[in-house]
Amino acid sequence: MLRSVLQLLAFPLPLSLILSSVSGKSTSQCFTQPGDPRFPTTAELASFNATIDGRLMNVVPSVKFCESIGGCSDAQWSDGNFKNDIIGALLQYNWEQDYTSTPPSLCLRNGTVCGQGNVPILGVNATTVEHIQAAVRFGNFHNLKIVIKASGHDYLGRSTGKNSFLIWTRHLLNVTFHDSFTVGGVDQGSAVTAGSGVGLTTLYALTKEQGKIYVGGIAASVVPSGGYVQGAGHSALGPTFGLAADNVLQFEIVIANGTLLTVNSVSNPDLFWALRGGGAGSWGVIVSTTFRTFPTFNAAYHMANIMVNNTDQVAQLTTFHAKHIFDWDTLHPGQYFFWIATPPTFSLSIVSIFPNTTISAATSALTPFLNGLTSLGFNANITSGMFLINDIFGAATTDDGGTLGILGSRLLPSSTYKNHATQIGQVTKQLFDDGVESVLVHLVAGGQVSKNADIDSAVTPKWRTAKTHVVVSRGWNESTSPSEVEAIREVMTNTHVPLLAALAGPDGGAYSNEADVREPNFQTTFFGPNYGRLSQIKNAYDPDAMFIVPAGVGSENFDVDTLCRVD
């Protein structure tokens, strides 16, 4: 049904319809815009479309797509799987909006006018390598701004872009298992090669069938071969096996000149270095990634839910947790310590996943912490059990779609937990007092993530000294005005994130996939000492800067829309 609807929206379209929804003129320093002499004509678009099996599509905001099919129900609108099958949709659909232009260009569910906003104007629904190569060469020839989208799971708005040309890899779904994957004649052990449309949950089910597991996150719509691994890829299996980027053996990628490259430690090793942690969307269009796999196993799952009445109690409980966070290190668990503001109360969920550990051993390790909570007067509702690790990680069948919000984050070093546990609690209290809606602490570092410091990759060294990845969120509703949205974003950048930065100290950085896109010094915060080398590799493989994303390598030389150079 959905695919047939998408086909109805496929090119050819009258060029006038495309031009009517966009504006702007390019100069020699800008990507080609509609109305520029270099922008492809109707005939050129039709000719190109014939070479890619009719896969060229008109890209519209998700609200306009819903209008085209007679409306989307609330259930569809909030279903991440439904949204992922819409070429122009993002789960956090504030990134589809252009709040800052004059006038703003918005397309909201409660709106009466639907602008194109920050959504690309044309896109290719690529199902083969040849489609991607043709799209890259077409974009290059016409100097179009190219953006890459695997799924709609994007917290920084890098898989969309005003007046841009989208390459959509949603339907690259090939999966191949290898008993012995070799690189340069050296056996790397078992592995899985996944196309850049395969979601985490799908791959957990497929690896389960093979008796294997790989390092990934817990989310239905994230694509491991997309921005996830390029940003480093955190996981509750990190303390056991390291980051996702630490476990990559090979990429296949189409670079800016349209060439398909095999990239590994032997072939194009400089690009292999950059793709593992050098940021999403900056290097080319990934076709597939080969990940190391491990024999699957059972894990102890433990969840504690607690409700508190005020931010003083938030501080008290967070401090207590910080003082106990090293209790479990010998068992290498991953843990999610998530605070959510539920006015007038605050809810806390602590989910602990202990790989290859019995329930008895996991409970024993947690007992000092849990007994301490009771002595402090906090009552926890406990759920626990033994499950196959694939089933725990693959339990998410969909993600929330249709939300409006932004994130800020920092990697908190182990030294902060050892020396400043009370301050961690006080900063968490201050963040809620200042209006954040959640504080999400991910215990996904330490252990093997730290031990992998000897791996030569673009992963920021801050991951190797971190204990947790801490995220704060702010949201708004459809009636929030553009000026109010801007105020919320300013508070995130200038109030909330600096609190986290001060807490992290000079040893703190940030995970570039879950962060504030307005980080004022993103080069250092996201990439640390690797940025200079990343810039050199960027210039070698993408000399004309075809792949530019906000807060990505080279973006400091472009305007806020990444459409025009400012250097």
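# Cavities, sheet and backbone in a predicted model

The largest cavity holds about 70 Å³ of space. The model is predicted: local features need pLDDT of at least 70, side-chain atom pairs count only at pLDDT 80 or more, and totals for chains, interfaces and linings use all residues. Residues are numbered from 1 along each chain as its sequence is written, and side-chain values use heavy atoms, with hydrogens and water left out.

## Enclosed space

Rolling a probe the size of a water molecule over the atoms shows where empty space is left. Here a cavity is a set of points, on a 1 Å grid over the protein atoms alone, where a 1.4 Å probe fits but cannot get out; lining residues have an atom within 4 Å of a point. Grid points are joined across faces, edges and corners, and a volume is the space filled by probe spheres set on the points. A search of the whole structure finds four cavities of 30 Å³ or more.

The largest cavity is lined by 13 residues, of which Ile424, Thr428, Val439, Val441 and Val470 are the closest to its centre. Helix H16 (421-433), strand S19 and helix H19 (482-504) each supply at least two residues of this lining, and H16 gives the most, with four residues. Helices (H or I, at least four residues) and strands (E, at least two) are DSSP runs, numbered from the N terminus. By class, the lining of the largest cavity has eleven nonpolar, two polar and no charged residues. In this scheme Ala, Val, Leu, Ile, Met, Phe, Trp, Tyr, Cys and Pro count as nonpolar, Asp, Glu, Lys and Arg as charged, and the others, Gly among them, as polar.

The second largest cavity has a volume of about 40 Å³. Its lining consists of Phe39, Pro40, Ile121, Leu122, Leu144, Lys145, Asn163, Ser164 and Phe165, which divide into six nonpolar, two polar and one charged residues.

## An open pocket

A pocket is an open set of grid points with protein on both sides within 12 Å along at least five of seven lines. The volume of the second largest pocket is about 620 Å³. Its lining has 30 residues, with Arg489, Val517, Pro550, Val560 and Asp561 nearest its centre.

## The seven-stranded sheet

Strands of a sheet pair through backbone hydrogen bonds, either parallel or antiparallel. An open sheet of seven strands runs in the order S17-S14-S16-S15-S19-S20-S18, with antiparallel pairing; two strands pair if DSSP finds at least two bridges between them. Strands S17 (381-388) and S18 (405-413) are the edge strands, each pairing on one side only. On average, neighbouring strands of this sheet are turned by 15° against each other, direction ignored. The axes are lines fitted to C-alpha atoms, for helices over the stretch in contact, and angles run from 0 to 180 degrees between N-to-C directions.

Within the sheet, S19 (residues 438-443) and S20 (residues 466-475) form an antiparallel pair over five bridges. Val439 stands opposite Val472 in S20; Val439 is also one of the residues closest to the centre of the largest cavity.

## Helix H3

Leu45, Phe48 and Asn49 are the buried residues of helix H3 (residues 42-51). Seen down the axis of H3, they fall within an arc of 100°, so they line one face of the helix; the arc is that of the directions from the helix axis to the C-beta atoms. The face turned away from the buried side carries the exposed residues Ala43, Ala50 and Thr51. Buried means under 20% relative accessible area, exposed over 50%, and partly exposed in between (1.4 Å probe, protein chains only).

## Backbone exceptions

Most residues other than glycine have a negative phi, and most peptide bonds are trans. The table lists departures from both.

| Site | Value |
|---|---|
| Asp53 | positive phi of about 60° |
| Ala232 | positive phi of about 125° |
| His332 | positive phi near 55° |
| Thr102 to Pro103 | cis, omega near -5° |
| Pro343 to Pro344 | cis, omega near 5° |

Ala232, in the loop between helix H9 (224-230) and helix H10 (238-241), is buried at 1% relative accessibility. His332 lies between helix H12 (311-324) and S15 and is partly exposed at 30%. Pro103 is in the loop between helix H6 (80-84) and strand S2 (122-125), and Pro344 in the loop between strand S15 (334-342) and strand S16 (345-355).
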